[in-house]
Amino acid sequence: MTDVDLEFARVRAVLDRPTLRLMSRPTSATVLAVFRTVFDRDVQYVPADRMHLQVEEHVARLQATGARVPASEHVDTAATDGATDPTTRPNGRALSREWVAAQWLVRSNSPDGDEQYSLTSHALEALSLVDALSSDRALISESRLAMIVDAVHQWAARAEPDPDVQVRRIDAQIAELQAERERLERGDVATVDDARMRDGYTNISDLIRQLPSDFKRVEEAVATMHRSIVEDFRQEVRPIGEILDDYLARTDTLMEATPEGRAFEGAFELLRDDALLLRLREDIATILAHPFADSLGAAERRAFRNTVGILRQGIEDVLAQRRQLTATLRDQIVAHDVVRDRELDAVLRSVNRGLARWMDQGSARDRVPIGLLPATAEVGTLRERFYDPDAESVPPPIEAPDDDVFEDLDVEMLRRHGGPLLTELRAALRFAEADTSVDAFHGLPPEQRRPVELFGLAHLLTGHEDFESAAHVALHRTVRPDGSPVAFTMPTAALDDDRAGQNKQNNQNHQNGQEAR
């Protein structure tokens, strides 16, 4: 083959990819517009019913404006799309199935078991290309050249085998950073204008737009490996132990078997660094804080700020696909029965042989009676309920209540088990000869030193400086209503004359408030 033949075959293979087939159809504008509207940047999966309804609505609206829309009755995805009859409403279900067959949509099951749609890597790549071409950007810019130079310099440093050269490179970087630090200490800060910041932002956004399609490509590679492994597993006739060892090894090295998997493993190791992700989030916030960001729209700011979310979601989708592969392999290994499969295969082969003999010997008008359903069993009526002695027994009689269960209650008994006696506590603090509140409390009779009285004591001492700061903590010995002693530790306060007068005034105010209520 000549060089032109090889180039023709290569270009032909590229043009046959689903991405370019989506871009080159007469109805590409309609399909891409529907994809962009239904699958927003924050929407990755759409339920099947909602997808069908939205496709019908959007395609019908574009059809009413005169746009060329795909014909829903065309099932052959290789055929050229044509304009539909303006009076015919498009079928969202048929269009969605056609796009699934064209490898632009993926139909899967949600964790709840409902059907849902998602975009393939080919559709995401086409949308990313449309976004890149629709935005104003320079193909050769300072930020892009600087990024290329920095990347080449970084990987050249890693590829250098001579340690002396590596040391010189690091020394040069240290000297450069030291000079930069001294310049900043002198107050010589170089400001970046809006045009250069806009150029850098455009370059970064262009790279971010490619992330969803890259992650989806890795996910599809894992799904392809999934189907291949399951199909090979079903066709294996080797011993179960050999199958188990082989496929467990393939599962462990699954991400290293494809270029996409190896690239994902490298990115996954990089993104597992929480400090790196935190620094990325802070750098994004710094960029959006620059004055040039005022010219960005709300959607652009939201998409740029959601960069870390895109990275995390892409990694989670790939890991979920890998977990599904592992679960499928485990179920296949546990539920696979070689003997039963061989028996079923033998039965099917015998049926095929019988059909072949019948086709050779019979004619087109011969009839063979085949019983599709077994004959009805002649079974009489059976009892549905049997005799249960417990159901026929009489319930036991209701016993008369015992009036002597509860003892007679009086007011004094209820009061002993009630809340704190604030009146007695207030009088003890006001007229006690003790110097501290704990001594005044211990001067009360046992029936007034219940554990609940400590709540009343804390209520009365609230606002006292010594009590609030807990400068002095003492042991308060209380007596339960049944006579058993119990001690608690809580702050105490000094009862001086000034504080006693203030306490008296507070108590009077409290009493007036109680009477007013």
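What follows is a short chat about a predicted model and its strands, helices and loops.

Biologist: What kind of model is this, and which residues count for local features?
Modeller: The model is predicted: local features need pLDDT of at least 70, side-chain atom pairs count only at pLDDT 80 or more, and totals for chains, interfaces and linings use all residues. Residues are numbered from 1 along each chain as its sequence is written, and side-chain values use heavy atoms, with hydrogens and water left out.

Biologist: How many helices and strands does the protein have?
Modeller: The protein has 23 helices and 5 strands. Both are DSSP runs numbered from the N terminus, helices being H or I with at least four residues and strands E with at least two.

Biologist: How much of it counts as buried?
Modeller: Of its 517 residues, 28% count as buried. Buried means under 20% relative accessible area, exposed over 50%, and partly exposed in between, with a 1.4 Å probe and protein chains only.

Biologist: Which strands make up the open sheet?
Modeller: The order is S1-S3-S2, with antiparallel pairing. Strand S1 (46-47) and S2 are at the edges with a single partner strand each, so one side of each has no neighbour in the sheet.

Biologist: How many bridges are there between S1 and S3?
Modeller: S1 and S3 pair over 2 bridges, and two strands count as paired if DSSP finds at least two bridges between them. Proline 47 has glutamine 116 in S3 as its bridge partner.

Biologist: And what about S2 with S3?
Modeller: S2 (residues 105-109) and S3 (residues 115-119) are antiparallel over 5 bridges, and leucine 105 has leucine 119 in S3 as its bridge partner. The two strands form a hairpin with 5 residues between them, and glycine 113 in the turn has a positive phi of about 95°.

Biologist: Where is the other hairpin, the one with glycine 483 in the turn?
Modeller: That hairpin is formed by S4 and S5, with 5 residues between them, and phi of glycine 483 is positive at about 95°. Strand S4 (residues 472-479) and strand S5 (residues 485-492) run antiparallel and are joined by 8 bridges. Histidine 472 is bridged to threonine 492 in S5.

Biologist: Switching to helices, at what angle do H4 and H5 pack?
Modeller: H4 (residues 48-64) and H5 (residues 92-101) pack at about 100°, with their axes 8 Å apart. That makes H4 roughly perpendicular to H5, where 65 to 115 degrees counts as roughly perpendicular, under 35 as roughly parallel, over 145 as roughly antiparallel and the rest as oblique. Axes are lines fitted to C-alpha atoms, for helices over the stretch in contact, and angles run from 0 to 180 degrees between N-to-C directions.

Biologist: Which residues meet there?
Modeller: Met51, His52, Val55, Glu56 and Val59 in H4 meet Gly92, Arg93, Leu95, Ser96 and Trp99 in H5. Contact means heavy atoms within 4.5 Å.

Biologist: Where is glutamine 103?
Modeller: Glutamine 103 lies in the loop between H5 and S2. Its phi is positive, about 65°, although glutamine 103 is not a glycine. Its relative accessible area is 42%, so glutamine 103 is partly exposed.

Biologist: Is threonine 120 buried or exposed?
Modeller: Threonine 120 is buried, at 4% relative accessible area. Threonine 120 sits in the loop between S3 and helix H6 (121-134). Leaving out residues up to four places away in sequence, threonine 120 touches Gln103, Trp104, Leu105, Val106, Lys216 and Glu220.
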